Amino acid sequence: MYKLISIGLLFFLPLLCTGQEDAVLNIPQNSLSWFDTPTRTDSLKKLLAESQGREKVHLLCELSKELIRVKTPPDKYIRYLQEALELSEKLNYNTGKVMVFFIYSLHYKAENNDIKELQALKQAESFFDHETHWTLKHRIWYFTGLLYRSINQPDSAFFYHYLSLTRLDKDTAWFAHLRSHVLLMQHASLSNEHKQIRVQIENIYDLLQANMSYFSYAGFRFPEYYEELSINLANFGEYRRANTMMLALLKELNNLEKKSVYTEFMAAKILGRIARINSHWGRNDSALVYFDKSIRYFDKVYNDHKESLHQLHTPPSYRVFAINAANQLEERAVVYIRTGELKKAEEDLLQSMQIRREYEDMLGEAMCCEKMGELYSMRGQFLEALNWYNTALNIKNEMLEQHKERARRDAKFLLFSNESYASTYLKIGRLYNDWSKPQLGVEYIRQSLFYSREAGFQRREAEALTTLGDIYLFMIQADSALVYYNTAKSIYENMEHKQGLAEIHESIGSFCSSQLAYTEAGKNYSVSQQLYEELEMLASLAGVLVKQGNILGSQGYLYQAIDKYSQGLEIGLKLNMPHLKMNAYSGLSEVFLVLGEIEESFLNYKKYHEMKDLLFTMESNRYLTEIETQYETEQNRQKLLLLESQNKLSQEREARSKMIILVMVGFIVIMLLWILLYLRHNRLKNGHERIQLQLKLFRSQMNPHFIFNSLGSIQSSILNEEPDKAVKYLSRFSRLMRNILDSSDNEKVTLSTELATIENYLELQKARFTKKFDYKITGKENLDADTIYIPPMLAQPFIENSIEHGIRYLEKKGFINVSFHLDDSVLFMEVEDNGIGRKRAGEIARLQDKDHQSMAIQITRRRIEVINKQSARDIRFEIKDLYDDKKTATGTKVTFEIPVS
C-alpha cells in the first residue's frame, strides 16, 4: 500500500513542485518550480526515502528552495543542498549542480552577502550544458544582472540581461525575452538612453499582445508589465496611449472569471494609475473620478480579503496594499491642490501620512510633507510651507541614515534617493522665489540641479534650469535667464520630450514678450500651442492661447487677439479653470475698450472681477452693483434725452409747415436746437467717459495686494494683543475705503477730505512697508481746507508710484513730501520722493511684472483732459525727474496746478 501511495505522489510531484504555470509553458521537472510556487515540504520529505538518482537531486533542491522561501533557519536545509551536490557529482549530472548553486545563491541573497551570491551564480553558470533547460539559464542570468546592477556595475548588468535575447529562442522562451526587455528598459532609463527606452517599450508591448492568452495565469504578472509600460509612456507625455493601455488592462482584469487577491489588488492600482495619467494630462475632473473609484476599490478588496492580506507569504502583503491605498489619497490631494480645494487636499494628505507612519513608509511620508508644503504655499503661508518642506528633508535624511549600507551598494536606491532630494529642493527654491527671496531660491534650485544630475534625472534637471531662468529674469538678469532656458530646451530636445518642449517654448515666449520681442514670442507660443494640441493637453493649451492674445493685443492686432482669448476662454469654461478665465476676461475687456465697444468691455470686465473675487476672496459685489447701476442709469438718461430731442424736432417740423412765412426763423431755431443737442451730446459723452475713468481709477485704488497687506497688519496687531494699534489701523482703513467709495461718485471733494484720504493711505502703506519710508504733509495749516474743492484722488496714484516703484527698491530709507500752497486762486499740490527715479523703476517694472501695465498716470492724464473741457481754467500737472550734480537720479517730483474759486 505504501508503495502505491509513493508511486501516486511521484506521478503528481511535477504538479506539486512546478504549479500550473510550468505546465502551461511545458517546463520539465528538472528546471525547479517556476514563479516561486508554494510546495508542500512534508510531501517532499516523505518522497525522499523512496527516491534515488536524478529524481532525488530534484527533490532535495525543491525542498531546499521552499525552506529558504519560508525563511527557515539555514541549518535546516544546508544539509539537503550538500547531499544534492554530492549526488550530482557522483552522477556527473551538470543540471543538478546548476540547481544546487542557484539555490545557494538564494541562500546568500537572504543573508545579504553579495560576494558569495555572485560566486554561487557564476558557479551555476559554469555547469550549463545541452541538458540545462532555458528557464534555469534565464533565471541565473536574470539574478546575476540584478546583482551587478545593485552593486553599481551597469555594463555587466546589461550584458547578463541581454543574454536571454541572444541565446534563447523567442518563440519558446518568450517570457524570458519579455522580462529581459523590461530590465533593458529600466537600464536605459537609468542611463538616459531615451531612444532605447522607446525601442524596449515597443518590444514589450508586442510580446504582451502576442501572448494575451496567458493573461489569466497569475504567475506571469502581466498587469505589472503593462503598468510599467504606461508609466514610461506617460513620462514621455504620451498620455492618450498610456490611458488607452490602462483602460484595456482594467477591462481584462474585470473580465477574469476567477479573481484572486492579486488581480483585485491590481485592479485597484490600475484605477489609480488611470487617475494619475489624467492628472498629469490636465484632466482634473476625470482624475478625481478615477481616484474616487480606486480608493473605494481598495476598501472593497480589504473587506473581501482581510485574511489573505494579513498572511505573511501571500502577495501582496498588507503593508504593500496599505501603502498603495495611501498613494491614491496623496495623488488625489495633488488634484485638489490644483483645483483650489485645499481643505479636501489637507484631509487626504493627513490620512495618507497616518497610514505611512503606521507601516514605516518614510519616503511616502516625506512626499506627503512636500505636498503639504505646496498646499500652504498656495495659501500664502510661506513659513508654514517651509516647515513642511524641511520636515520632508529631515525624514529623507533619517531614511538614508537607516539605509546607508543599502545606499552604498544599491545604485538604484541611491539614484532614487537623489531624485527625491532634487524634487524637495526644487519646491523650496520656488517657494523662496514666490516669497520675494530670489537669492535664497537660487541656492536651493542649484541644490536640486546637483541632485538631478547625480541621479541622471534629466526631466527634473530641465525643470530646475527653467526655474533658474524664471528667477534670474525676476532679478533683471535677462542674459542669464535665456542661457538657462536654452539649456533646458536642449535637454528636452535630446529626450524628444514633447511636453517638456511645449513648456520651455512657452517660457521662452514669455521671456521674449517681457523684452518686447513680440515676433519671437509669437513664434515660440505657436510651437508650444502645436505641441500641446498634439498631446491633447487642453489646460496648458488654453494658457498659451491667452498669452498669444496678450502679445497680439500689444501689437495692435485686436481682432486676432479676441480670437485667441475666446479660444482659451472656451477651454477654460469647459475645464472650469478660474485663473485662466480671469486672464481671458481681462484681456477681452481691454481689447474691446480700445475698439470702443464699451458695453462688451464692461461685460467682460464684470466677469473678470467675478473671477478675481472668487480667487482673491474679496467682497466687491456691492461695488460691482453700484457701477452697474451707474451704467444703466446713464444708458436710461441717454434714451430719455434722445426721445426729448425727437419730440422737439417733430414740433419744429409742424411749426415750419404751418408758418411758411417764418421759414427763416424756423431754420435758425432748428440750427440753434441742433447746436444745443450737439453740445448736450458732447457733455453726455464726456460724462460717460468720466464715469469710465472713475471706474478705472477706483479699480486702481482697490489694489488687492494693498488691501490684503493692510488687513494683515490689522490682524497682526490683534494677534499681538495691541488693541490700540489695531483700532488705529482699522479706523484708518475704514475711513480710507469710505473716502475712496464716496470720491468715486463726486466730481469734486473738499481739500480736507482729500488730505484725510492721502494721510490714511500713507499710514496704511507705512504699516505694509515697515521702516521703509517716512512722509510729511506741509502747507495745509495755511489753507482753509473745508472751502477749497478739487477733483478727488489726483495725487494718490503718484504717491503709490513713489512707494511701489521709487522707494521700494531703494537701499536707504525713503521719504515722501506732499505739499500745498495757494497762489492767486491756484492751488499748487506737489508730491516729491527720493526714490530711484522713473527710468530705473521702469526697467524693473518691465522685467519683474511683465504681465501688468500700470495705467494710473494715463488715466489721470485723460481724466484731466475731460475735466478741462468743461472748465474755464485748466488743471495742469508736470512730472520732473530729480538729479544730483553727478547726474544720478535722486527722486521724482509731480506738481499739480489746480484752479480754485
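Predicted model: local features only at pLDDT ≥ 70, side-chain atom pairs only at ≥ 80, totals over all residues.

Start with the helix itself. H14 covers residues 284-304, which is 21 residues. At 1.5 Å a residue, H14 should span 30 Å, and because its end C-alpha atoms are 30 Å apart, the model agrees with that expectation.

Next, the buried positions. They are Asn284, Ala287, Leu288, Tyr290, Phe291, Ser294, Ile295, Tyr297, Phe298 and Val301. An α-helix has 3.6 residues a turn, so residues three or four places apart point the same way.

The largest nonpolar core holds 146 residues. Leu178, Leu208, Phe222, Met246, Leu253 and Ile270 touch the most other members. H13 supplies the largest share of this core, 11 residues. Take isoleucine 270. Beyond its neighbours within four places in sequence, Ile270 is in contact with Glu227, Met246, Leu249, Leu250 and Leu253. Another core lies apart from this one, with 43 residues, including Leu60, Met99, Val100 and Tyr108.

Finally, the setting. The protein chain has 38 helices and seven strands. Of its 901 residues, 52% are buried. Among contacts in the chain with a separation of 6 or more, 63% join residues 24 or more positions apart.

Notes. Residues numbered from 1 in each chain as written. Heavy atoms only, no water. Helix = DSSP H or I, 4+ residues; strand = E, 2+ residues; numbered from the N terminus. Buried < 20%, exposed > 50% of the residue type's maximum accessible area, 1.4 Å probe, protein only. Contact = heavy atoms within 4.5 Å. Expected span 1.5 Å × (residues − 1). Core = buried A, V, L, I, M, F, W, Y, C linked by side-chain atoms within 4.5 Å.
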